[in-house]
Amino acid sequence: MKKLAAIKLPHTFNESLSRENATDKWRKGIIYPINKTTRSHWNYDLKLTSPIVLLETARKIWFKILVNRLSEILTKEQVLTNTNYAALRNESTLEPLKIVQAVIEDANKYKKEAWILLMDISKAYDSVSSVMLKKCMERIKLPKNFINLVMDVNKNRYNRVLVNNELMDEYYIEDGIDQGEVWSPILWRIFYDALLTRLNETKEETGYNFYEEKLINREKGETRVLEISINAMAFMDDTTLISKNKIQLTKMIEICHQFFKINDIKANISKYELIKINDKEKEDLIIEGEKISKVNNEKAIDILEYSSDTTIRKEFIKIK
């Protein structure tokens, strides 16, 4: 059986790529809603569940091969903006947490103003338009056969829901990328890179600036001041905006919300959280008529002073 699979699978994979499409079985999945409440029953309310997609094993193997090869190229050639710390090799949540910690420490040490906004998106994967996803893949010049394969799967998907050990009727999936799909994280990063690239273009104007004196010539005592600007970073769809004042932060929020509106992405403004440091005017942040009520600058500063990386991550997540 193993020998037969070793012969048949590579042939099937190569045929799939050459034809730029997937077999019928690869286009079908089973949705399993996981109860995310403390109650024993979720009362058939999908808002109280975290749905995952169960997929055909051969499909997952094939897509994992494609993702590994694509990830290697995107990492080596630095194709995507380096402000998203997910989906590629040697990346984790540690980097963005360290950056936020550095901003807070620098602002406190030099009495500088800093505004840090933690954003929240509702059902990010479900919001990805196939049309925009294709444009984003073409933007970074991915091979045509890979793009067509992704489009074939995305546009011809059917799912069934598993409830009480019974499968419901099959339904057609109009848009989005599946949560739990092997290539969903890297496709999301490619899609979201357009926004992060636009934000990166404004970082000199909108970002928070670090100034560090570097010794150039020890004998002559020559030094040079290095300036580093940081304004945005993400881990998948968890986006953090960092600015030197409210005005510049507002400009970045407008860019983000324009992107969200174009792509029909719902922003959970009520879940946004703001960290303010040395805000002398004690200004409120109002986005689309809604005041950001979760402001916990002092708590965040105290939490991020922990030296343990594990503790930093654990405690920082608590304030989100």
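Contact is taken here to mean heavy atoms within 4.5 Å. The structure is a predicted model, in which local features need pLDDT of at least 70 and side-chain atom pairs count only at pLDDT 80 or more, whereas totals for chains, interfaces and linings use all residues. Residues are numbered from 1 along each chain as its sequence is written, and side-chain values use heavy atoms, with hydrogens and water left out.

The protein chain has 10 helices and 16 strands, where helices (H or I, at least four residues) and strands (E, at least two) are DSSP runs numbered from the N terminus. Of its 320 residues, 44% count as buried, that is, under 20% relative accessible area with a 1.4 Å probe and protein chains only, exposed being over 50% and partly exposed in between. Among contacts in the protein chain with a separation of 6 or more, 64% are accounted for by residues 24 or more positions apart.

Asn209 is placed in strand S8 (residues 208–217) and is buried, its relative accessible area being 8%. When neighbours within four places in sequence are left aside, Asn209 is in contact with Asp106, Lys112, Glu227, Ile228, Ser229 and Lys244. With one of these, Ser229, the contact includes a polar one between the two side chains, at 2.6 Å; a polar contact is a pair of N or O atoms within 3.5 Å, of which, within protein, one must be able to donate a hydrogen and the other to accept it, residues adjacent in sequence counting only if both atoms are side-chain atoms.

In helix H4 (residues 130–139), the buried residues are Ser130, Leu133, Cys136 and Met137. Seen down the axis of H4, these residues fall within an arc of 120 degrees, so they line one face of the helix, the arc being that of the directions from the helix axis to the C-beta atoms. Their cover includes helices H5 (144–155) and H6 (184–200). At the N-terminal end, H4 is capped by Ser129, a side-chain oxygen of which lies 3.2 Å from the backbone nitrogen of Val131.

H6 also packs with helix H8 (residues 246–262), at an angle of about 155 degrees and with the axes 10 Å apart; axes are lines fitted to C-alpha atoms, for helices over the stretch in contact, and angles run from 0 to 180 degrees between N-to-C directions. H6 is therefore roughly antiparallel to H8, a term applied to angles over 145 degrees. The residues that meet include Phe191, Tyr192 and Leu195 in H6, and Met252, Ile255 and Phe259 in H8.

Note on methods
Parallel < 35°, antiparallel > 145°, perpendicular 65-115°, else oblique.
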